[in-house]
Amino acid sequence: MIEFNHVSKKYPNGFEALKDINLTIEQGEFVAIIGLSGAGKSTLLRTINRMHDITEGSLTVDGTDVMQLRGGELRGFRRKIGMIFQSFNLVTRTRVINNVLMSKVPELSFFRALFGIYPKEDKLNALEALDKVGILDKAFVRADQLSGGQQQRVALARTLAQNPQIILADEPVASLDPVTAKQVMGDFQRINKEMNITILLNIHHVDLALQYASRVVGIRSGAIVYDGPASEVTEEILNEIYEGKQKEAEG
Ligand SMILES: Nc1ncnc2c1ncn2[C@@H]1O[C@H](COP(=O)(O)OP(=O)(O)OP(=O)(O)O)[C@@H](O)[C@H]1O
């Protein structure tokens, strides 16, 4: 369970990106965070794995106070949380399977990591992860030969191989065409249902958020203005989240 309790975040320049956030997310939920550009979606997501520090309130994950974590404890904590980015972050000049295996590097001895010698079990695990996102047949292809959608699936497989409890995805489908974006959202949905992994994603496509996530959190100027089932999001609520600019953007 992820719990934000009166959380605020001020950047060093004094800008308050998050204001008194209260949010509880149970294990296995699929939550879409929506809001205008600059509303604070990325900041919110990135406080969960301590890519950003909060400046007020408390943030716990399964009872662990995230701000108290140091050194090895923080690294161990981060292993439980997968992160997916808009830009995939793959090493494109190497094969797909090597990209997935990279998630295992922190567990390898120095010698094995140096020469990229992975135990058989890790290799099987990596192939299994690729199978889960439907691209097992691409395992031995160079990553730069894949389409954007396939590359995002490799990133998802790399995260799955790490056996995460939570996946944070920052605009995972922003650079994909509409058809591929739906496929990747479908992958997230399946992974969420079948593996009970909590999924939290930032997304600009409201229609995709409503179609695939079960819960929507709407952020406006650093504050939560909607938190509820995706099925109950109305035009009025969207206007509140997007300050009436939603229609403008569509038109
Ligand atoms: N390092 C920083 N220092 C100061 N202000 C920052 C910093 N990072 C982000 N901000 C500001 O905090 C606010 C929230 O940024 P954030 O990236 O969380 O928004 P977002 O909703 O994810 O936007 P987008 O949809 O464009 O990615 C913005 O006004 C941004 O300019």
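Glycine 82 has isoleucine 167 of E7 as its bridge partner. This contact belongs to the pairing of E6 with strand E7 (residues 166-170), which runs in the parallel sense over five bridges. Strand E6 (residues 81-85) is largely enclosed by the rest of the structure, because four of its five residues are buried. In a regular strand, side chains alternate between the two faces of the sheet. The model is a predicted one, and these pairings are to be read as features of that prediction.

H1 is itself mostly covered, with six of its eight residues buried. Those buried residues are Lys41, Thr43, Leu44, Leu45, Thr47 and Ile48. An α-helix has 3.6 residues a turn, so residues three or four places apart point the same way. After H1 comes arginine 50, with a positive phi near 65°.

The domain assignment divides the protein chain into two domains, each made of two segments:

| Domain | Segments (residues) |
|---|---|
| Domain 1 | 2-80 and 164-250 |
| Domain 2 | 87-144 and 151-162 |

The C-alpha centres of domain 1 and domain 2 are 26 Å apart. Where the domains meet, eight residues of domain 1 are in contact with eight residues of domain 2. On the domain 1 side of this contact, helix H7 (residues 178-195) gives the most, with three residues. That side of domain 1 has six nonpolar residues, two charged residues and no polar residues.

How confident is the predictor in the chain, and what are the scores of the model? The mean pLDDT of the protein chain is 92, and 97% of its residues reach 70 or more. The model scores ipTM 0.96 and pTM 0.92. Where pLDDT is low, the predicted coordinates should not be read in detail.

Key. Residues are numbered from 1 along each chain as its sequence is written. This is a predicted model: local features need pLDDT of at least 70, side-chain atom pairs count only at pLDDT 80 or more; totals for chains, interfaces and linings use all residues. Domain bounds come from an automatic or database domain assignment. Two residues are in contact if their C-beta atoms, placed from the backbone, lie within 7 Å. Helices (H or I, at least four residues) and strands (E, at least two) are DSSP runs, numbered from the N terminus. Ala, Val, Leu, Ile, Met, Phe, Trp, Tyr, Cys and Pro count as nonpolar, Asp, Glu, Lys and Arg as charged, and the others, Gly among them, as polar. pLDDT is the predictor's confidence in each residue, from 0 to 100. A residue is buried if 20 or more other C-beta atoms lie within 10 Å of its own, exposed if 12 or fewer, and partly exposed in between; C-beta atoms are placed from the backbone. Two strands pair if DSSP finds at least two bridges between them.
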